[in-house]
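Dear colleague,

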Amino acid sequence: MHRSPKTMAVVTAAAAATLLAACSGGGGDDGAGTGDDAGQPSAAPVSDGSFVLGVANDPGNLDPSMTVLSVTRTVSRLSYDTLVHQRQDGTFVSQLATDWEVGPQEIAFTLDPDVTCSDGSPLTATDVKDNIDYVSDPENQSPLLGVFVPAGLTTEADDEAGTVTVTAPEPNAFLLHGFTNVFILCRSGLDDHDALAQETHGTGPWVLSEAVADDHYTYTRRADYAWGPDSTTLEGDGVPEEVVVRVIANPTTLTNLVLSGEVNAATVIGADADRLDAEGVDKIELRSPQGEFVFNQAEGQPGSDPEVRQALLQALNIEALATVATGREDSQSVGLVTTEPQPCQGDTVSGNLPTYDVEAAASALDAAGWTAGPDGVRTKDGEPLAMTFVYPAGTGDSVAAAAELAEQMWREVGADVTLQSVTSTQINEVLFATGDWDAGWVPLTVSLPSQLVPFFSGPAAPDGTNFGHLDNTVYNENSVEALSTGDTEEACALWNEAESALISEGDVVPMFDAVAGVYLSGGTLQYPGGELDGSSLRLGQ
């Protein structure tokens with residue numbers, strides 16, 4: 001089935017990235033500086049200057065095939081392209097591919113023959129095939145496998161025709177969406193993945209020229225770039241000469257720099273966002289998971305007992321936590337996918353959580369064999385009910401205050417709680433390596449429910465990405481069935497049932513969303529589906 005790249009109708013939804021991060025982009029409403037029509041300069045454009053993008057965390061290893069971190073994927077979109085691009089309204093447009101034919105489990109891409117790499121070499125169909133094959137090979141342990149690229153995918157390339165064909169082992173309603181998020185490396189990067197940690201080897205509009213960890217990353221414009229979304233170029237008014245990504249961990253400092261015009265764009269939440277709103281600063285509004293609660297169910301952990309999970313959830317006043325964390329009454333989550341437009345509608349949270357009741361929670365813990373000691377801490381078989389609660393750093397004082405409130409609520413029913421704030425890079429080590437955590441807020445921003453499967457099922461960490469050691473029978477069965485259907489309506493019904501099962505069992509509980517904004521000061525950009533369009537950055541004074 002053929003679809004024109006410029007007129008293709010919406011198949012399901014915007015394909016934003018799966019982002020393991022504290023404050024990442026979700027979907028945005030169209031408005032001042034929003035989506036694909038984002039904030040075209042209202043003042044006189046400024047060319048050849050520096051566009052300063054503020055981020056809260058250092059991106060770490062810059063290899064785009066080996067990370068799902070929000071900040072790393074954001075900077076990756078400055079230097080790397082994808083085969084196709086999806087706009088805020090859900091339509092697909094050309095990028096590296098000028099045309100594509102989509103079947104139930106197969107896509108044939110036709111590449112733009114004029115695309116070149118930053119070193120001047122042409123991009124070939126074999127290069128694209130090798131990119132996809134690298135992610136598809138389990139030995140490379142790419143976290144994109146099973147998220148954007150389905151396991152068992154096969155590829156064929158024809159350099160003379162400039163075509164690449166990908167075939168999934170089963171029908172997949174979301175197959176094309178995944179390729180809006182797979183960055184394509186050039187041959188020099190494919191041949192030396194170690195170099196990608198601090199260098200860029202892509203076809204994208206900007207080339208990394210300087211990297212100072214925890215401080216700044218400078219990218220230089222490619223004057224010959226002409227294959228952005230729907231043939232976007234880096235020509236015309238307002239095109240900067242360079243992009244400087246500044247790492248600014250303190251949200252108040254970052255806000256001050258936006259107000260002064262020293263930072264042209266930055267994501268800000270909480271009280272600092274209120275300051276920017278009060279000043280009338282243009283923004284792209286984003287909604288993303290922030291209080292996505294997960295228990296560690298590894299053997300021997302308190303969370304491995306379903307009775308303990310339900311009791312501890314019943315001890316939490318989720319409405320109060322959401323209000324403290326976000327300062328908003330409309331921030332409580334209704335599902336795991338927040339990016340607009342959502343592929344599957346519905347509220348999977350309401351009716352699937354125990355009612356807040358401290359006395360009932362305490363009684364449930366008594367019944368589960370956890371006895372309160374003289375210090376108030378419960379024990380069972382000589383082991384205390386000790387909980388290390390992790391939550392994302394860089395989200396401001398409000399989320400830290402909400403974590404402290406959760407600690408108080410759990411101490412009231414006899415848990416000994418240790419709070420641990422973790423950065424985006426530290427959380428990889430904690431979740432996927434050491435396993436030194438018991439529960440916490442681990443936000444995963446996705447646009448498709450299928451992108452959550454490797455995080456909530458399958459091999460547990462450190463052998464896989466199932467960091468919570470979850471094994472929910474309904475979720476496992478329904479997700480497999482949903483992944484294999486090419487019918488969107490049928491797939492969504494299965495996904496909603498699967499998600500409801502996770503929540504009702506206390507495996508994963510979306511508590512509250514971050515309603516954030518990418519604030520714009522002296523610059524504009526496009527952020528469709530919560531993903532930066534690297535070719536869209538413009539300056540205006």
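This is a predicted model: local features need pLDDT of at least 70, side-chain atom pairs count only at pLDDT 80 or more; totals for chains, interfaces and linings use all residues.

What radius of gyration would a compact globule of 541 residues have, and what value does the chain have? The globule would be near 24 Å and the chain has 23 Å, which agrees; the radius is taken over C-alpha atoms, and the globule rule is 2.2 Å times the number of residues to the power 0.38.

Residues are numbered from 1 along each chain as its sequence is written, and side-chain values use heavy atoms, with hydrogens and water left out.

Overall architecture

The C-alpha trace spans about 75 × 55 × 40 Å along its principal axes. The chain contains 14 helices and 27 strands; these are DSSP runs numbered from the N terminus, with helices being H or I of at least four residues and strands E of at least two. Of the 541 residues, 58% are buried, where buried means under 20% relative accessible area, exposed over 50%, and partly exposed in between (1.4 Å probe, protein chains only). Among contacts with a separation of 6 or more, 73% are between residues 24 or more positions apart, a contact being heavy atoms within 4.5 Å.

The chain exposes about 19700 Å², of which carbon and sulfur atoms supply 46%. Accessible areas come from the Shrake-Rupley method with a 1.4 Å probe, and for residues only the protein chains shown count as cover.

Disulfides

There are two disulfides, a disulfide being a pair of cysteine sulfur atoms within 2.5 Å. Counting bonded cysteines along the chain, the pattern is 1-2, 3-4.

Cys117 is joined to Cys186, with an S to S distance of 2.1 Å. This pair links distant parts of the chain, 69 residues apart: Cys117 lies in the loop between strand 8 (106–111) and helix 2 (125–136), and Cys186 in the loop between helix 3 (175–178) and helix 4 (187–190). The link is left-handed, with -100 degrees about the S-S bond. Cys117 counts as buried because its relative accessibility is 2%, and Cys186 is buried at 1%.

The sulfur atoms of Cys344 and Cys492 are also 2.1 Å apart.

Backbone features

Most residues other than glycine have a negative phi, and most peptide bonds are trans. Ala461 and Pro462 are joined by a cis peptide bond with omega about 10 degrees; Pro462 is in the loop between helix 12 (453–456) and helix 13 (473–483).

Gln141 has a positive phi, near 55 degrees, and is found in the loop between helix 2 and strand 9 (154–158). Gln141 counts as exposed, at 60% relative accessibility. Asp214 also has a positive phi, near 65 degrees. Asp214 is in the loop between strand 11 (206–212) and strand 12 (216–221), and counts as exposed at 58%.

With kind regards
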